[in-house]
Amino acid sequence: MHKPYAITLDVGSSLANKTGSWRTQRPVYVDRLPPCNAQCPAGEDIQGWLFHAESGNYEAAWRHLTRDNPFPAIMGRVCYHSCEGACNRGKIDSAVGINSVERFLGDQAIQQGWRFEPPAQQSGKQVLIVGAGPSGMSAAYHLRRQGHGVTVMEAGPLMGGMMRFGIPKYRLPREVLDAEMQRIVDMGVTVQLGTKVADIAQTMVDGGYDAAFLAVGAHIAKRAFIPAKDSSRILDAVSVLRSMEGEDQPMLGRRVVVYGGGNTAIDVARTAKRLGATEAIIVYRRTREKMPAHDFEVEEALEEGVMVKWLSTIKQANEDQLTIEKMTLDEKGNPQPTGEFETLQADSLVLALGQDVDLSLLDGVPGLELKDGVVQVDPATMMTGHPGLFAGGDMVPAERNVTVAVGHGKKAARHIDAWLRGNALPPTPKHAPAAFERINPWYYSDAPKTVRPQLDLARRTSSFDEVQSGLTEDNALFEARRCLSCGNCFECDNCYGVCPDNAVIKLGPGQRFAINLDYCKGCGMCAAECPCGAIDMVNEDN
């Protein structure tokens, strides 16, 4: 950040009189919780790593970030960055491009070969993790850092879980996914691929595991009853996306209809276009405003020629056509049939109606509570009703996305570590939020957000090349420097420069400031002029 004030007084030059006795209030430096940090489901210290990034120390920024989340290159591509929606900068011009800087750091780490250090000491404890998706591998990383032996059993042939089998390559290149998975294996985590756990209790006994974390993804497609003369043309979205990882790509035909309104429906329709479909049509029973898919993904799909039939539902599938009924929304926003029908030509119908988790591995385990297809856990600790058995990701009641799953893995790992050591983690105290009203916008220069470049539209629909590109080093640095450092001192020297009594003491780089209360008269100028709201005035009798 620029430092706009020159210091014109020598320290001590105006200190003839100790004026502290006049004071009724005194300034106190505080640390507040930035809205980006508060919003992050993975629990990242976003402001903390941006501080390193804006000084150009990218490895320090990456290491600070990966204290909480080991997958910045992945998250920079697939996270829906709710942190940016909360960013105070958005009230001045536009939010800081947190997600794009995160991706830049993750890509730098892969290019530069930065690695995680193996733990210095071993705990002697063994933890089993079921599932090598975002939640399981996040837990594996954090548990390994604590010195525990970690074994991951994965039913599939490759690591990544639903990140690999549910997110197309144009959003997440597989070399990026592989690099960030392998980095965790290199810490000493054992991964057994093609290993389905059929009975968790017996597997734990056989392997001598002290605790287990269940992180099985939602791989089972939900079905809908649609009368059909030829059911071979009705596919499920998970199977279509999974088959894209194999040698033989799915045969969807020229006219593909996708039934559903989530991100998976969008992904399948965009994939169909890339496989050569001349028509990819999404049928969704509500309006765009009600669609659960993220708006930017819907927009990209429309740009690529995907069509959407809003307020429609599929009633019947015949040989090469579908019968569609038009819907209307009632006063509660629920779709109701109208009795109006139309036909739609289709070579294949793909159902994208959500997914369930296979919970059969939990049969017979005492103390578990299963409800609505998921495992009930203590939300504070992620432990199930069976001691030593924890669960997260798609297996527990929560929003299903990669960032939430990564956060579950980290949280569960902290509590598994405490449980193995015979301790209970006290609740983490949270700082007061850093409100926009405490920001002084005049301090910050206008700096519009850097827009990430996108692949040319013609190439987007003819290949699986990555659609969105990353930032360069120059604009990553610029973007990091747009951070306001809400509620936390970033040593801009404003308080030091404006204090009329020279009562502010510089403690050196990274150590911030102190107040010499012998001379501070409590005028509050430092608090008023602090750009980021990091100084409170408190009553002298507090």
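1. Helix α2 and helix α6. In this predicted model, helix α2 (residues 46–53) packs with helix α6 (residues 98–112) at an angle of about 60 degrees. Their axes lie 11 Å apart. The crossing of α2 past α6 is left-handed.

2. Residues between α2 and α6. On the α2 side, the contact uses Ile46, Trp49, Leu50 and Ala53. On the α6 side, Ile98, Val101, Glu102 and Leu105 meet them. By class, this contact of α2 with α6 has 7 nonpolar residues, no polar ones and 1 charged.

3. The parallel sheet. Which strands make up the open sheet, and in what order? There are 5 strands, in the order β7-β14-β8-β9-β10, and the pairing is parallel. β7 (234–236) and β10 (307–309) stand at the edges. Each has a single partner strand, so one side of each lacks a neighbour in the sheet. From one strand to the next, the twist averages 25 degrees.

4. The β9 and β10 pair. Strand β9 (residues 279–283) pairs with β10 in the parallel sense, over 3 bridges. Isoleucine 282 stands opposite valine 308 in β10. Helix α12 packs on the sheet and touches β8 (255–259), β9 and β14 (348–351). The direction of α12 makes about 170 degrees with that of β9.

5. Helix α12 and helix α13. How are α12 and α13 oriented to each other? The axes of α12 (residues 263–274) and α13 (residues 295–303) come within 10 Å and cross at roughly 20 degrees. The cut-off for roughly parallel is under 35 degrees, so α12 and α13 count as roughly parallel to each other. α12 passes α13 in a left-handed crossing.

6. Residues between α12 and α13. Which residues of α12 meet α13? They are Asn263, Ile266, Asp267 and Arg270. Their counterparts in α13 are Glu297, Val298, Glu300 and Ala301. The contact of α12 with α13 divides into 3 nonpolar, 1 polar and 4 charged residues.

7. Reading the two helix pairs together. Two packed helices are described by the angle between their axes and the distance between the axes. For α12 and α13, the axes cross at roughly 20 degrees and come within 10 Å. The residue classes are 7 nonpolar, no polar and 1 charged for α2 with α6, against 3 nonpolar, 1 polar and 4 charged for α12 with α13.

Terms used:
Residues are numbered from 1 along each chain as its sequence is written. This is a predicted model: local features need pLDDT of at least 70, side-chain atom pairs count only at pLDDT 80 or more; totals for chains, interfaces and linings use all residues. Side-chain values use heavy atoms; hydrogens and water are left out. Axes are lines fitted to C-alpha atoms, for helices over the stretch in contact, and angles run from 0 to 180 degrees between N-to-C directions. Helices (H or I, at least four residues) and strands (E, at least two) are DSSP runs, numbered from the N terminus. Angles under 35 degrees count as roughly parallel, over 145 as roughly antiparallel, 65 to 115 as roughly perpendicular and the rest as oblique. A crossing is left-handed if the near helix is turned anticlockwise from the far one by less than a right angle, and right-handed if clockwise. Contact means heavy atoms within 4.5 Å. Ala, Val, Leu, Ile, Met, Phe, Trp, Tyr, Cys and Pro count as nonpolar, Asp, Glu, Lys and Arg as charged, and the others, Gly among them, as polar. Two strands pair if DSSP finds at least two bridges between them.
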